[in-house]
Amino acid sequence: MIYLDYQATTPLAPKAFEAMLPWLRDDFANPHSAHAAGRRAKAAVEAARDSVAALLPPGGRIAFTSGATEALNWAIKGTTGGIVTIATEHAAVLDTALAERAKGRAVTVLPVGRDGQVDLDAARDAIGPGTGLVAAMLVNNEIGVIQPIAELAAMAKTVGAMTLCDAVQGYGRVAMPEGVDLVAISAHKVHGPKGIGALWVRDGVSLDPLMHGGGQEALGRSGTLSPALCVGFGVAARLMRDRQAEDAAHVDRLFVRAMARLPDWTLNGSTAHRYRGNLNLRRDGLDVARLMSDLRDIAFSAGSACASGSGRPIHVLRAIGLSDAQARASIRLGFGRDTMEDELLSALDRIDAAAKAQFA
């Protein structure tokens, strides 16, 4: 199997796996217990917290969560005032914002251009008195486009609103934007385990709780933490920091080779303002379901894993102006640290050949 679906999830780093094992087997104590075993587990959790925080802005606190979906829900539901967000956001943001609208909060969804970047003039008009939260994704999970988060945060600040950055795809890969107040991240997108994420909250910002209970975790989040998952996240974060330059150079090289290999395909979204480990490509008239059936030993995506099976064109592709037919003729290829260049090029050649065969 050639794995080209890094936006859905990344391979678990071997060092993260090995670090987790003792906390699954022998050191099983509850990290919220006061006895010696519990204190050891708590110390491991705090060391992991420091490692995760090292890739985030200073002047804030981290609460571990069950994943980015919980973190985003907490950030949105825990704030007040009108919400301004973007049409290409993840469903965890858009659906939560719509749920808040049903409760009476004003919600504005900003359009994007053909390149996938937000219309800043529309944002400037929308962010005004009454706005409480601006929610925007740093790197889009479908098309890899990087949004001007710092500019949005500056607009929010002028009216006393907070900015939530969904940094799931960008954490450890692109620079964290200045001026944000809340950041959501997920371990399994950075070679960590599934089932854990985090919400970073700027000092001085308070949130209403999403879940009620013991309030064991930082910022009052309730629920027993898994030391194993925290440790795995911490090791993965440390590797992202230590390998940042190496990983970026590898991805840049693969992007250049891939684009040269597929001259007959159109890249969806901006070429300049994007994370280069994401290739969302289309070939008009392509039957993507047939393509995937013909290439079952290559793992790539016809859309977000969170939306797969819906049978509808991806909302991100429609937001950038593609027709339903064009959206259905698009595929997403994601690669990163563990992708071998020869495997990628072989996969691309086979994808291209299988696509051409449909038009023969």
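1. Helix 1 (residues 14–25) packs against helix 7 at an angle of about 160°, the two axes lying 8 Å apart. That angle makes helix 1 roughly antiparallel to helix 7, a term for angles over 145 degrees. Axes here are lines fitted to C-alpha atoms over the stretch in contact, with angles from 0 to 180 degrees between N-to-C directions. Helices are DSSP runs (H or I, at least four residues) numbered from the N terminus.

2. This is a predicted model, in which local features need pLDDT of at least 70 and side-chain atom pairs count only at pLDDT 80 or more, while totals for chains, interfaces and linings use all residues. Residues are numbered from 1 along each chain as its sequence is written, and side-chain values use heavy atoms, without hydrogens and water.

3. The crossing of helix 1 and helix 7 is right-handed, the near helix being turned clockwise from the far one by less than a right angle. Helix 1 contributes K15, A16, A19, M20, W23 and L24, and helix 7 contributes P227, A228, L229, V231, G232, V235, A236 and L239; contact means heavy atoms within 4.5 Å. By class, this contact has 12 nonpolar residues, 1 polar and 1 charged. Ala, Val, Leu, Ile, Met, Phe, Trp, Tyr, Cys and Pro count as nonpolar, Asp, Glu, Lys and Arg as charged, and the others, Gly among them, as polar.

4. Helix 2 (residues 36–53) and helix 7 (residues 227–242) have axes that come within 8 Å and cross at roughly 30°. Helix 2 is therefore roughly parallel to helix 7, the term for angles under 35 degrees.

Terms used. Helices (H or I, at least four residues) and strands (E, at least two) are DSSP runs, numbered from the N terminus. Angles under 35 degrees count as roughly parallel, over 145 as roughly antiparallel, 65 to 115 as roughly perpendicular and the rest as oblique.
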